[in-house]
Amino acid sequence: MDATSRLTSIDVFRGLTIAVMILVNYPGSYENTYSFLEHSHWNGIAPADFIFPFFIFIVGVSIALSYSKQISAGISKKKIVRKIFIRTIKIYLIGLFLHYLPDLDFSRIDLFGVLQRISIVFLACSLLFIYTNWKTQLYIFAGILLAYWIALSFIPTGQYPAGTMEPGNNFAAWFDRLFFSAEMMGKHGWNSEGLFSTFPAIASGISGMLAGRRLISGKTDENKLLGIVAVGFLCIVAGAIWDWQFPINKKIWTSSYVLYTSGWAAITMALSVWLIDLKNYKNNFVARIGVIFGTNAIAVYVMADVFQTFYQYSNIHDFVYLSLIGFGTTAQFASMIWALISVGSCFLFGYLLYLRKIFIKL
C-alpha cells in the first residue's frame, strides 16, 4: 500500500456505510421502526449512531489518499485548493437543495444538514492536509476535543448553568442561536448538524486523515494495520472513560463520541484493508455491493432523497407500505421492507453508473 495505489477496501467501506445510512434514513414509517435501526434519543450510542461518523472518517481517509497522490504527481497546491473550494460549494449547494424537496418552497431558510456538514468537514480537513503536517493535525484534533469539552461542560451561557446538556439547552445550541434564528435551525429551534457541533465533526475527519496517512506510510502493511488497530482501541477506551463525565452523544457530537466512533472506524477500516486488499477477498457478494455504492457514494445518497420524493408523491410509498400491513405484516416489518426497497433503488442506480464506468465526482 502506497500513495499511488487505490484501495478497494476504502470504496467498500464507504459504500456499505452509505447503504446502511439509506436503510436507516428512509424507512416506511419513522414511528414504526425496529429499535436496531433507530438513533439514540440523546445520551448513549446505538448502532445507527456509528454511520455518520464512519462516513466522516472515510472522508478524512480519502483526503489523505487522494491529495498525497496528487502532490506526488506534482500538481500545484493552488490548483488543488481551487478544486477543493469548488467541490465544497457543490456539495453544500446540493445538500441545501435537497432540503427544499419536494415543494421547492424557498421562502424558508434551512442552512444545515448532512451534506452541508460533510462539505464543511471536507473543506477544513483538505486545507489542513495541504498546509500542515501530521503533528499539527494531531494537535488540532486534540485541541478541538478539549475546547469543545470545556465549552459544553464549564462555560455558562447566561440562559442556563455551565454543563447543561439537554436537547436545545446546551452551549452548542446557544452558540448557533447567536448567529442564526430559531427558524433557520430547524423545526425544534436547534439542529444536530448545527455550526458549533461541526467543529468536533472536523475532528472526526482529522482522525480519518491521520489513519489515511498511516496507510501510505513507509512501514510494512502489517505494521501499518496493527498501529491503526492499537490507536483505535485506545480511542475506544478513552471515549468510554470520558463518557462518564462528558456523555457520548451524537446529537451534539461530543468529544467522547468522536473518540469512541473514530476508534471503531479505525479498527473497521483496518479489518477491511486486511481482508479485501491484503487477503484479496474482492470478489465476494458484499465487497461487490460495497464497491458499487462506494464509487458513487454522494450521487447515490442524493438519489435516495430524489427516489423518496418521487415514491411519496406518486403514492407508490403508501401503496406498498399499507399493502404490506394489509397482508398481515407488522408495521415495523413493513417499514423495514420499504427501507430495503429504498436501498435497492439506489443500488440499481449505482449499478447502472458502475456498468457504464460513470463515476460522478462532485
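Is C125 buried or exposed? C125 counts as buried, because its relative accessibility is 0%. Buried means under 20% relative accessible area, exposed over 50%, and partly exposed in between, with a 1.4 Å probe and protein chains only.

This is a predicted model, in which local features need pLDDT of at least 70, side-chain atom pairs count only at pLDDT 80 or more, and totals for chains, interfaces and linings use all residues. Residues are numbered from 1 along each chain as its sequence is written, and side-chain values use heavy atoms, with hydrogens and water left out.

C235 also counts as buried, because its relative accessibility is 16%. A disulfide is a pair of cysteine sulfur atoms within 2.5 Å, and by this rule the count is zero. The sulfur of C125 has its closest cysteine sulfur in C235, 15 Å away, which is too far for a bond.

Two helices are described next. Helices (H or I, at least four residues) and strands (E, at least two) are DSSP runs, numbered from the N terminus.

| Helix | Residues | Buried residues |
|---|---|---|
| α6 | 171-179 | F171, A172, A173, W174, F175, D176 |
| α10 | 285-294 | A287, G290, V291, I292, F293, G294 |

The buried residues of α6 pack against α5 (134-154), where contact means heavy atoms within 4.5 Å. Those of α10 pack against α1 (8-25), α11 (297-313) and α13 (331-355).

At the start of α6, a side-chain oxygen of N170 lies within 3.2 Å of the backbone nitrogen of A172. At the start of α10, a side-chain oxygen of N284 comes within 3.2 Å of the backbone nitrogen of V286.

Notes:
A polar contact is a pair of N or O atoms within 3.5 Å; within protein, one must be able to donate a hydrogen and the other to accept it, and residues adjacent in sequence count only if both atoms are side-chain atoms.
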